[in-house]
Amino acid sequence: MLDLLVHNATLPDGRTNMSVAVQGGRIAEVAEGLDAPAREKLDAQGLLLSPHFVDPHFHMDATLSYGLPRVNQSGTLLEGIALWGELKPLLKAEALIERALAYCDWAVAKGLLAIRTHVDTSDASLLAVDALLEVKHRVAPYLDLQLVAFPQDGVLRSPGGVDNLKRALDKGVDVVGGIPHFERTMADGAASVKLLCEIAAERGLPVDMHCDESDDPLSRHIETLAFETQRLGLQGRVTGSHCTSMHSMDNYYVSKLLPLIAEAQVNVIANPLINITLQGRHDTYPKRRGMTRVPELMAAGVNVGFGHDCVMDPWYGMGSGDMLEVAHMGLHVAQMTSQAGIGQCFDAVTGNAARIFGLEGYGLDAGCDASFVLLQARDPVEAIRLRAARLKVFRKGELLAESAPASASLRLSGRPDSTDFMPARKN
Ligand code: FE2
C-alpha cells in the first residue's frame with residue numbers, strides 16, 4: 001500500500017496524465033495513468049506538479065526588518081547599506097530569529113523549501129551567525145536552509161574580517177562568501193577572491209560570492225573567481241552571485257569571459273527583482289537594466305539560477321517569498337519570452353537553483369524525495385504568468401501547506417459566476 005498517489009498531474013516537462021507514487025517520503029514510481037492502492041489519493045485534475053522551489057540567494061538576517069530603524073527613503077543600494085549599518089548594532093538575536101522564522105513560514109506556504117542565505121559575518125559578535133544557525137536547526141524538519149559566510153563590509157576592508165569569517169565557518173556555516181567589488185581597490189578585490197577560494201579549498205567547502213554587483217563595466221572579479229576555481233580544482237562548487245557589471249561590459253570581453261565561466265563550471269545567480277531596482281541608478285537615459293546576461297550565460301552552458309535576494313529589508317521593501325514572482329521578473333528583464341526561454345526561467349527557480357544548492361534527492365523521478373508543489377496552473381508558462389496558487393505543498397510525502405485556488409466571483413448578469421484567469425483550452 002502506497003502512502004500517497006498523486007494522479008492526473010501534468011509535469012514541468014509537458015507529460016500529462018502522470019501519476020506519482022509515494023512511499024516512505026520518497027517517490028516510488030512515476031508513470032502515466034498509474035493506479036495503485038494508496039492511503040491517500042490526490043487528483044491533480046490536470047494541473048502542474050512541480051518539484052518545490054529553491055531560492056539560491058537570500059539575506060535572511062535582514063529579512064522583514066523593513067522600517068527598522070527607519071525606511072530607506074531613496075531606495076538605493078548605498079542608502080540600503082548605510083541603513084543596514086544603522087540597524088546592525090540594534091539587532092537582537094531573538095527578534096532576528098522571530099523574523100527569519102516568520103519568513104520561513106511564508107516560504108513554505110509558497111512551496112519554497114530550500115533557501116541558501118548569506119549571513120553577515122562582519123560583526124565580531126557573530127550574533128547574526130548564531131541566530132541563523134539556530135533558525136537552520138529549528139526549520140530543519142520542514143525547510144533546508146544553507147548558510148553562506150558573507151563579509152558584507154569587505155573581508156579585507158573591515159578590521160578582523162578574515163578572522164570573523166573563519167570563526168563563522170568554524171561554527172558550521174556551510175559556504176564561503178565574499179564581496180570583492182566592495183574592497184577598496186580592484187587589486188584588493190582580486191586578493192579577497194584568491195584568499196576566500198583558498199579557505200574554501202582547505203576546508204572542502206563551496207563558494208558563493210557577491211561578484212561585481214555594480215554598473216562598472218571594468219569590474220573583473222567573476223574572471224578572477226573562475227580562474228581561482230580552476231587553479232584550486234573547485235569546479236562545480238563555486239557560484240558568482242549578481243554579476244551585474246556583466247550587463248555593462250564590452251561585448252568582445254564577454255565573448256572571452258563566458259567560455260571561461262563555463263569551463264570552470266562556475267554557477268551564476270541573477271537576482272532579477274533587486275538587480276532591476278538597484279542597478280543603473282546613476283544613469284540618466286537610456287538606463288541600463290543591470291541584470292547579468294542570463295540567456296547568453298545559459299547558451300554558453302553555464303548553470304544559472306534566480307534568487308530572491310531581499311524581502312522587506314533595508315534594500316527592498318517588496319516581496320513575499322514567491323519564486324514565481326522572481327522568475328516573472330527575470331523573464332521580463334532578460335526578455336526571455338520565447339517558449340524555451342520561459343521554461344528556462346522556471347528552471348532557474350527549481351532545478352538550476354537546486355544544483356547550485358547541491359540538494360540531494362531533488363526532482364520528480366523515482367528515488368527522489370517526495371517534495372513537490374501542486375500549482376493552480378497547467379504548465380510552467382501559466383505558473384509564471386499567474387504566480388499560480390500553491391494548492392498543496394508536500395515535503396518528503398508530508399503535506400505542509402495548502403492554499404485556496406485563486407478565483408474571482410463575478411456579479412455580471414448572463415455571465416458565469418466566477419473566473420480563475422485560466423482560459424479554456426481546445427484540444
Ligand atoms: Fe545578495
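How many salt bridges are counted between domain 1 and domain 2? The count is 2, where a salt bridge is a side-chain nitrogen of Lys or Arg within 4 Å of a carboxyl oxygen of Asp or Glu.

1. Basis. The model is predicted, so local features need pLDDT of at least 70 and side-chain atom pairs count only at pLDDT 80 or more, while totals for chains, interfaces and linings use all residues. Residues are numbered from 1 along each chain as its sequence is written, and side-chain values use heavy atoms, with hydrogens and water left out.

2. Domains. The assignment divides the chain into domain 1 (2–46 + 364–407) and domain 2 (53–357); such bounds come from an automatic or database domain assignment. Taken over C-alpha atoms, the centres of domain 1 and domain 2 are 30 Å apart. Domain 1 brings 17 residues to the contact and domain 2 brings 22 residues, with contact meaning heavy atoms within 4.5 Å.

3. Buried area. Between domain 1 and domain 2 about 1500 Å² is buried, and carbon and sulfur atoms give 71% of that area. Buried area here is the accessible area (1.4 Å probe) that two parts lose on being put together, summed over both. I384, R390 and R395 supply 44% of what domain 1 buries against domain 2, more than any other three residues.

4. Polar pairs across the interface. Between domain 1 and domain 2 there are 5 residue pairs in polar contact, both residues at pLDDT 80 or more. A polar contact is a pair of N or O atoms within 3.5 Å; within protein, one must be able to donate a hydrogen and the other to accept it, and residues adjacent in sequence count only if both atoms are side-chain atoms.

5. Elements on the domain 1 side. Strand 14 (372–375), helix 13 (380–386), strand 15 (390–395) and strand 16 (398–402) are the elements that give two or more residues to the side of domain 1 that touches domain 2. Helix 13 gives the most, with 5 residues. The residues on this side of domain 1 divide into 12 nonpolar, 1 polar and 4 charged. In this scheme Ala, Val, Leu, Ile, Met, Phe, Trp, Tyr, Cys and Pro count as nonpolar, Asp, Glu, Lys and Arg as charged, and the others, Gly among them, as polar. Helices (H or I, at least four residues) and strands (E, at least two) are DSSP runs, numbered from the N terminus.

6. R390. Is R390 buried or exposed? At 2% relative accessibility R390 is buried; the classes are buried under 20% relative accessible area, exposed over 50%, and partly exposed in between (1.4 Å probe, protein chains only). R390 lies in strand 15, and its side chain meets that of D322 in a salt bridge (2.4 Å, N to O). Leaving aside neighbours within four places in sequence, the residues in contact with R390 include F53, K110, D322, L374 and E402.

7. N352. This residue lies in helix 12 (residues 351–357) and is buried, with a relative accessible area of 14%. Apart from neighbours within four places in sequence, N352 is in contact with M298, N303, V304, G305 and D347.

8. G160. The loop between strand 8 (144–150) and helix 4 (161–170) holds G160. G160 is partly exposed, at 39% relative accessible area.

9. Salt bridges elsewhere. Side chains of opposite charge can pair when their charged atoms come close. A search of the whole structure finds 25 salt bridges. One of them joins D153 and K88 (3.5 Å, N to O). That pair links distant parts of the chain: D153 is in the loop between strand 8 and helix 4, and K88 is in the loop between helix 1 (77–87) and helix 2 (93–109), 65 residues apart. D153 is partly exposed at 29% relative accessibility, whereas K88 is buried at 17%.

10. Helix 4. D163 and R167 form a salt bridge through their side chains (3.6 Å, N to O). Both lie in helix 4, 4 residues apart, about one turn of the helix. D163 is partly exposed at 46% relative accessible area, and R167 is partly exposed at 29%. A salt bridge also joins the side chains of D170 and R203 (2.8 Å, N to O). D170 is in helix 4 and R203 in helix 5 (residues 186–203), 33 residues apart. D170 is exposed at 55% relative accessibility, while R203 is partly exposed at 33%.
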